[in-house]
Amino acid sequence: MENMIILQVILSGITAGLVYGLISIGLSLIWGIMDMVNFAHADFMMLSMYFTYVAWSKFALDPMYSLPIIIILMFVIGIVVYRNIVRKTVGGEIVTQILATFGIVVFLQNMAQFIWSANYQMIRNPIVSGSFELGDLFLHKAQVVSGAASLITAWLIWIFIHKTKLGWALQATAQNRGAAPLIGINVNNMFSLAWGIGLASVGVAGVLLANYYYIFPQVGATFQLLALVAVALGGFGSIPGALLAGLTVGIVEALSGFFIEPAYKYVVVFSLYIIVVLIRPQGLFGTHH
Amino acid sequence: MKLLEVKSVTKRFGGLTAVNSVNMSIEKGNIVGLIGPNGAGKTTLFNCIAGYYQPDSGEIWFDGIRIDGMKPHEICTKKLARTFQIVKILNKLTVLDNVMVGAFLNSKNVNLAKNKAREILDFCNLTNVSDVKGSDLTIGDKKRVEVARTIATNPKLILFDEVMAGLNPKEGQEAIQLIYKVRDLGITILMVEHVMEIIMPISDRIVVLDLGRKIMEGTAAEVSKNEKVINAYLGVKS
Amino acid sequence: MQKRIFIGWIIFIGLLLIFPVFVKAPYILHIAIMIFIYTTLGVSWNILSGFAGQISLGQSVFLGVGGYTTAILLVKFGINPWIGMFAGITASIALSWIIGVPCFRLQGRYFAIATMAVVQIVYLVIARWEFAGGARGIYYPLRNWGIKAFTFREKMPYYFIAMAMMLIAMGVIYYIEYSHIGYYLKTIRENTDAAAAMGINVPKYKMIAMMFSAFLAAISGTLYGQYLLFIDPDTMFLLSVPIMLVTIIGGIGSVFGPLIGAGVLIPVQEIARIYLSGSGRAIDQLLYGSLIVIVVIFQPRGIMGMVDLLIYKFKKRKKDSRGKIKSNVLLM
């Protein structure tokens, strides 16, 4: 019986971890291609959660139907944000880069509060609700769907990066920004693309989460730090690494919540980050940058 | 007296032995050139001496102290200074400030450091740009500022890392004059250099590396006639 | 020039001292106190992140540790808050060592993320620690009043203490700017290899910056607690953003940045809160987020940067016009 409970805990850790992984992939992509940390990444996820909510409350669109629209919307927003704000900090001091995306955090959170108020919102009775049983195990449909969708999205992004010409161009830019123009790559467009994909993927995570998670302006905060931890652990620029690290974070979080106190689970995760990054700066799975 | 002694220093990177049991020593007051074809291990040896790498085996002695294993900033306090191949001056500070930072090593007093810095700027012919920001300088001036701030740390030996790189012939000649002036201050010099016309006439002794080993050491005349050296540069296996 | 600055400061301090004699309205004194506290906090962040270039996204952890140490010692052990302040300073500096020694090896972004992680950890731990009041916080006892107890009924004493702290902060930043420490920190900020090549012990100086930072934040934390007569995890550990904002807008890396930033933003924030945020929709907060992004992108050196630029242009115009007149004279 004990084993069943632990298995249950691990399973929910896996589904949560897959979502963390999806969030981390976008972050890792931007970091790997542009050598820039997007501190506002999870706040864009918050944005997509609100879009999902608006689609549901104003237009009676179930999240699974608004998903494709929001993917495109987030992709466009990613490009717009890059071209108008982020581009100006590329190649500048790290201080400026850190503070610029940090400013976007403050802006997004307060804009969300301004437009939608600080109240916690929730989507009721989406298509993916309820749970199903697997022997003694209970699995929430929403979480399983999230996990599965995260995997699929990760796989799709991986295929894009490794099997398409545009994806190869992205890799080239990541490896050698200076040489890329010499083979006809417009680095600026690559960065726009990275932001577009990054925000689109985190948009997917947002829509999935909106099925079962509370929606409020600061929801991004915890996920951001978890994603940063996952990317640092998984080695930036590595999609499988980000996914694996996200999984690790999810499982560690779930287990520590179970064995220690739920409130301390984040303490464990963040302490883990500090320890790992001190011993192995390239992360658990990454290669030396 | 031998100011710097490199004893059987070896440095490996994975499977590649970049520096293989190299021995060399430098007499106080000399200008010694370190040459060799690309990949000979000059920069690696350089970085071992300066403390950026730790040798896998061997010892490095400077002024009677063993310095291998020390951190770069410690080695600087022991009066062994270096310049960088890709100039690393501070772009946001003025030329005067740049040199002051070097001067602070010996005196924490701002006024004393400022005066010393002005003297050195004068010595290096940089007084007319002393209030210019680092980012606004020409490459030649940037290199000179780096030399100036290195002198400000009051070193006994300076490691020059391809100081001629990127300079046009006129700037190159000015650089040579500056190096002679530095030597006349009593500072010993070890130069890594590719440009033969520069390093041959200026050096008291020349050390030649090839594929990580020292293949020859002698005066410029001896080295230029040596068959092993010629073959190394022409790519002929000896 | 030095003399003019010195006289300027004397006048400024004089004005500050006389101010509460003429202006007794508690609300205005409150704003002044907040300006002083935020200046001190801004300077504390500026030393580490502006001068030394080690961006910290969790500055409030030192504020919180300083404040909480004093509060716990007072409430649980009856220890005088002044002594508690010294304990707070010690705890804060000890924490800075715990963070700094391992984490200064980390490159810029990793360090920033680590500071985020640290403040989260401390926040979560304190919020669950019943002994420290947990999530509800700690209410200060209202038994003793007066200077010995560091608790006052009127605003004026707090005003003077806050002002003294601000002057200490300005003194510290002045010292750093005009001593070798300032030069060293700026070198570290720009290029650690160059720093090492000039004999600078980079970890040591990063640590020095952090200790100054922790010290100033800790004393602010103690004062903040004694002023509000209440602290909780949210008050103490979620202030990193305003601290950074005040410094960035005023001018990160400059001596007067935090002072100017606080002097401008705090009154603006108060006015905005009165007139704009009635709907509870945080439009004032929205403005701040936009402000950070705009300032960082277009004028990273903040208000002080704009001032410098104006002075530079003014001097240049003077030089140009003088040059023109000279050549006319020659022609004649």
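Predicted model: local features only at pLDDT ≥ 70, side-chain atom pairs only at ≥ 80, totals over all residues.
Figure 1. The crossing of H2(C) with H12(C) is right-handed. H2(C) brings C:Ile31, C:Met34, C:Ile35, C:Tyr38, C:Thr39, C:Gly42, C:Val43 and C:Asn46 to the contact. From H12(C) come C:Gly257, C:Pro258, C:Leu259, C:Gly261, C:Ala262, C:Gly263, C:Ile266, C:Pro267 and C:Glu270. Sorted by class, the residues of this contact are 10 nonpolar, 6 polar and 1 charged.

**Figure 2. Helices H4(C) and H9(C) pack with a right-handed crossing**. Two packed helices are described by the angle between their axes and the distance between the axes. Here, helix H4 (residues 81–103) of chain C and helix H9 (residues 202–228) of chain C cross at roughly 145°, and their axes come within 8 Å. The residues that H4(C) gives to the contact are C:Pro81, C:Gly84, C:Met85, C:Gly88, C:Ile89, C:Ser92, C:Ile93, C:Leu95, C:Ser96 and C:Gly100. Among those given by H9(C) are C:Met207, C:Met210, C:Met211, C:Phe215 and C:Ile219. The contact of H4(C) with H9(C) comprises 13 nonpolar, 8 polar and 1 charged residues.

**Figure 3. Helix H3 of chain C is largely enclosed by the rest of the structure**. This helix, residues 60–77, has 18 residues. From its first C-alpha to its last, H3(C) reaches 25 Å, close to the 26 Å expected at 1.5 Å a residue. The helix is described as largely enclosed because 14 of its 18 residues are buried. Just after H3(C) stands C:Gly78, whose phi is positive, at about 65°.

**Figure 4. Chain C meets chain A through 32 residues of each chain**. On the side of chain C that touches chain A, two or more residues are given by each of helix H5 (108–128), helix H11 (240–251) and helix H13 (283–298) of chain C. H5(C) gives the most, with 13 residues. The class count for this side of chain C is 23 nonpolar, 6 polar and 3 charged residues. Of the 2 pairs of chains that touch, chains A and C have the most contacts between them.

**Figure 5. Chain C also meets chain B**. The contact takes 18 residues from chain C and 22 residues from chain B. Helix H7 (180–190) and helix H8 (192–197) of chain C each supply at least two residues of the side that touches chain B. The largest share, 6 residues, comes from H7(C). The residues on this side of chain C divide into 9 nonpolar, 6 polar and 3 charged. Chains A and B, in turn, do not touch, and the nearest C-alpha atoms of these two chains are 12 Å apart.

**Figure 6. A:Val219 is a buried residue of helix H8 of chain A**. The helix in question spans residues 219–234. A:Val219 counts as buried because it has 24 C-beta neighbours inside 10 Å, and 20 or more are needed for that label. Leaving aside residues up to four places away in sequence, A:Val219 touches A:Met46, A:Met49 and A:Tyr214. The view may also take in A:Phe102, which is 117 residues apart from A:Val219 along the chain. The C-alpha atoms of A:Val219 and A:Phe102 are separated by 15 Å.

**Figure 7. A:Ala60 and B:Lys79 each have a positive phi**. A:Ala60 is found in the loop between helix H2 (41–59) and helix H3 (63–84) of chain A. Phi of A:Ala60 is near 50°, a positive value in a residue other than glycine. A:Ala60 is exposed, because 8 other C-beta atoms lie within 10 Å and 12 or fewer count as exposed. In chain B, B:Lys79 lies in the loop between helix H2 (72–77) and strand E6 (80–82). Phi of B:Lys79 is near 80°, again a positive value in a residue other than glycine. B:Lys79 has 20 other C-beta atoms within 10 Å and is therefore buried.

Note on methods
Residues numbered from 1 in each chain as written. Chains lettered and ligands numbered in written order. Contact = placed C-beta atoms within 7 Å. Helix = DSSP H or I, 4+ residues; strand = E, 2+ residues; numbered from the N terminus. Nonpolar A, V, L, I, M, F, W, Y, C, P; charged D, E, K, R; others polar. Left-handed = near helix turned anticlockwise from the far one by under 90°. Expected span 1.5 Å × (residues − 1). Axes fitted to C-alpha atoms, helices over the stretch in contact; angles between N-to-C directions.
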